[in-house]
Amino acid sequence: MSSAVLVLDRVTKRFAGHTAVDGLSLSVPRGVIYGLLGPNGAGKTTTIRMIMDIIEPDEGSVRLFGEPGTGREHSARVGYLPEERGLYRKMRVLDLIVFLAEMKGVERRRAGAQAAAWLERLGLGAWRWRRVDELSKGMQQKVQFISTILHQPELVVLDEPFAGLDPVNTQVMKDAVLELRRDGVTILFSTHIMEQAEKLCDQLCIIARGRKLVDGAVADIKRTQTGHHLVIGFDGAPGAAAQLFADKRVVRKLDDYGQYAELELAPDADPQRLLAALVSSGARLARFELSEPSLHKIFIDLVGPEAATPEARPHPGGPRA
Amino acid sequence: MRKIWAVIRREFVERIRSKWFWFSALLGPVFFGAMIVVPVLFAGAGGTRRIAVVDATTGAFGERVAAGLRHGKIFRATRVPAGAGVVDSLTQLVGAKQLDGFLILTDAVVETGTAEYRASNVSSFRDVAELQDVLARLAMAARLERQGVDPALVGRAQLRISLETKKISGSTTTGESAAQSFALAYVMGVVLFLVITIYGVNVMGSVVEEKTTRIVEVLVSSLRPFQLMMGKVLGVGAVSLFQFVLWGLGAKLLLSQRRALLADLGGVEEARQVFQMPHLTAATLGVFLSYFLGGFFLYSAMYAAVGAMSSNEQEARQAQQPVMFLLLVAYVSMFGLTNNPESTYAVTLSLIPFTAPIAMPVRWAASTVPAGELGASLGLLAAGIVAVTWMAARIYRVGILMTGKRPNIKELVRWIRAG
Ligand SMILES: Nc1ncnc2c1ncn2[C@@H]1O[C@H](COP(=O)(O)OP(=O)(O)OP(=O)(O)O)[C@@H](O)[C@H]1O
Ligand SMILES: [Mg+2]
């Protein structure tokens with residue numbers, strides 16, 4: 001427990017008769033990239049806001065760095081990039097970064113020097129005396145990223161950090177995240193783009209409708225969540241494939257295209273036996289591939305089509321904070 | 001604490017840097033200078049009048065009148081002996097604007113007290129008052145002399161009354177005239193209304209900006225909403241005080257130069273006297289500043305709450321109307337307050353925290369306010385500030401994180417209770 005940077009214990013948040021986060025528990029170890037995955041409206045942002053002490057949970061607790069104290073009290077050690085970006089438009093870039101660093105408790109002079117260094121490093125050195133609204137959107141994103149990490153936080157919380165970025169800036173952001181981890185910083189980020197999560201995350205937690213579906217190391221999740229995943233290509237004759245695939249004790253899920261099929265075996269089924277059965281039934285195979293399921297597939301399987309969209313809420317309107 | 005300080009500094013520095021701040025800092029004194037100078041200009045309009053005194057009297061009376069008028073500062077009078085066609089030719093001169101008018105004197109002036117003044121402008125009270133004064137004085141002297149009274153004695157007996165008004169403030173007499181008290185009360189009321197509104201709206205704009213840019217999330221994750229709101233209010237408040245200092249300096253400069261300025265504008269001696277610097281005692285200044293700060297805190301807390309419950313500037317402008325209305329109540333009552341500062345209405349307004357910030361300073365300047373009333377008003381204002389800030393902070397706390405529809409009254413009450 002002592003190595004966990006962040007622990008949520010049965011955290012619940014309700015808004016006007018609608019539960020946005022429901023008894024969510026998770027634990028983020030030090031030094032990992034942790035993904036918070038979920039469809040739209042799953043409660044990711046709400047969870048992050050509770051971590052940041054912007055809103056208070058109705059039930060349960062949030063514990064940071066294994067120490068007592070609220071997120072606000074620990075704010076000097078946490079960096080936060082909110083989902084909806086925004087800066088003071090009329091402020092000068094350098095002043096703005098210094099101000100936000102001061103909010104995190106960095107001493108003014110030091111903040112100025114570091115802000116200048118960061119701006120230089122991200123190619124914005126010449127812009128430091130310009131007003132924020134003179135910057136392009138990509139530049140503003142960089143400025144915001146600088147102010148998220150300028151105070152050298154131990155934990156960085158990014159809500160949808162890749163949303164709205166072009167491929168170049170997506171790459172820049174990915175590199176930045178990886179570099180932070182190299183420096184021993186723990187990163188928690190939310191996303192609903194599975195490919196990114198799959199490439200970046202060491203650990204993750206998938207939530208839908210405010211509830212946790214699964215969490216843990218990515219490899220473990222893949223191993224435990226599904227049986228073997230098979231891709232089979234036929235070279236003309238499928239033999240008795242149709243009958244074999246119909247056996248529910250062997251094949252749990254099937255996506256059959258005739259000459260090509262993707263299937264998921266039952267947890268205790270042996271792929272080698274299926275191969276032997278296919279060949280002896282006269283099937284000619286072009287391809288027989290055991291593959292790892294993609295995170296995307298796990299996500300869809302777990303979340304299900306009905307959970308992919310949030311429940312319509314009976315009473316829209318103000319929160320009961 | 002250091003974080004609040006940073007918020008205060010940001011609000012202060014960013015505002016001081018804006019062109020608008022310096023624009024209004026410069027324009028303020030000019031604006032109020034104009035409010036003072038324009039009436040003076042009207043009062044002194046025309047300056048001296050060139051008139052003729054058509055003398056149809058049998059004695060030296062006509063000559064004396066011309067001399068008496070010349071002695072004053074308004075008329076440049078020349079005596080013209082009456083004769084055939086004189087009135088016609090003078091009328092033509094007036095028409096050609098060579099002359100402003102003429103006074104026709106006959107022996108009837110001394111006998112029955114009637115004379116005739118024809119001029120292009122006969123609506124100037126100042127001109128008419130001066131003519132009547134000179135004629136009455138000289139006619140009386142002539143009548144007394146005819147009864148054998150020594151002219152020297154007449155001269156000594158005649159006394160010109162000039163009525164000076166002085167306001168009693170507390171039990172000490174100030175050197176303040178009625179016009180000056182009124183002007184002071186009026187100017188204070190206008191300034192308080194403008195500045196409380198302008199800077200209150202500033203606070204609101206700042207809240208809305210943080211809300212629409214969502215930067216408030218980052219801020220609120222590092223300091224409490226209440227701290228953020230206080231930092232904002234204090235920062236904008238500091239700007240307004242700085243504005244006052246600049247205005248004060250500007251006004252001082254203008255006033256020290258007013259003789260020269262008015263001379264340039266062609267003002268005459270009377271015009272200069274119409275407006276003297278009102279008597280601004282330390283106590284008055286103290287009352288003014290206390291109520292300004294009190295009013296500012298009260299209203300900017302409300303404006304902050306309004307900003308927090310709106311999701312854009314346009315919505316905020318609409319939502320602020322009730323707040324503006326509260327302040328307007330005192331503002332539109334200003335004439336009543338100055339004319340009748342002791343009425344129940346005036347006293348009530350100066351006790352209610354929402355109207356007191358304008359009503360009390362206006363009453364203070366216009367009359368003498370008992371210390372007890374002043375104390376009660378200040379106490380109620382302080383209590384009002386605490387209560388309003390408490391409620392505003394709760395609305396603010398929930399509101400800044402809300403998006404979408406503006407809450408209705410029921411929801412607001414729920415926010416306040418839930419905070
Ligand atoms: N302030 C609020 N008042 C009322 N309901 C809210 C509030 N904030 C969030 N919700 C509701 O809570 C649920 C979870 O929202 P949340 O923003 O946490 O989802 P999310 O996982 O971040 O979704 P997305 O991927 O779209 O950003 C949604 O149904 C949302 O409408
Ligand atoms: Mg979200």
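User: How far apart do the C-alpha centres of domain 1 of chain A and domain 2 of chain A lie?

Analyst: Happy to start there, keeping in mind that this is a predicted model. The assignment for chain A gives domain 1 as 4-222 + 298-308, with domain 2 covering 228-292. Between the C-alpha centres of these two domains of chain A, the separation is 43 Å.

User: Which residues of chain A lose the most area to chain B?

Analyst: Let's begin with the contact itself, to which chain A brings 35 residues and chain B brings 31 residues. Between the two chains about 2,900 Å² is buried, with 56% of that area from carbon and sulfur atoms. Three residues together account for 25% of what the chain A side buries, and they lose the most area there: A:Arg72, A:Tyr88 and A:Met103.

User: Which residue forms a salt bridge with A:Asp95?

Analyst: Good one to look at in the viewer. The rule finds three salt bridges across the interface of chain A and chain B. In the one with A:Asp95, the closest N and O atoms are 2.7 Å apart, and the partner is B:Arg17.

User: Which helix gives the largest share of the side of chain A that touches chain B?

Analyst: Polar contacts first: 10 residue pairs are counted between chain A and chain B, both residues at pLDDT 80 or more. By class, the chain A side has 15 nonpolar, five polar and 15 charged residues. The largest share of that side is six residues, and they come from residues 93-103 of chain A, helix H2.

Terms used. Residues are numbered from 1 along each chain as its sequence is written. Chains are lettered from A and ligands numbered from 1 in the order in which they are written. This is a predicted model: local features need pLDDT of at least 70, side-chain atom pairs count only at pLDDT 80 or more; totals for chains, interfaces and linings use all residues. Side-chain values use heavy atoms; hydrogens and water are left out. Domain bounds come from an automatic or database domain assignment. Contact means heavy atoms within 4.5 Å. Buried area is the accessible area (1.4 Å probe) that two parts lose on being put together, summed over both. A salt bridge is a side-chain nitrogen of Lys or Arg within 4 Å of a carboxyl oxygen of Asp or Glu. A polar contact is a pair of N or O atoms within 3.5 Å; within protein, one must be able to donate a hydrogen and the other to accept it, and residues adjacent in sequence count only if both atoms are side-chain atoms. Helices (H or I, at least four residues) and strands (E, at least two) are DSSP runs, numbered from the N terminus. Ala, Val, Leu, Ile, Met, Phe, Trp, Tyr, Cys and Pro count as nonpolar, Asp, Glu, Lys and Arg as charged, and the others, Gly among them, as polar.
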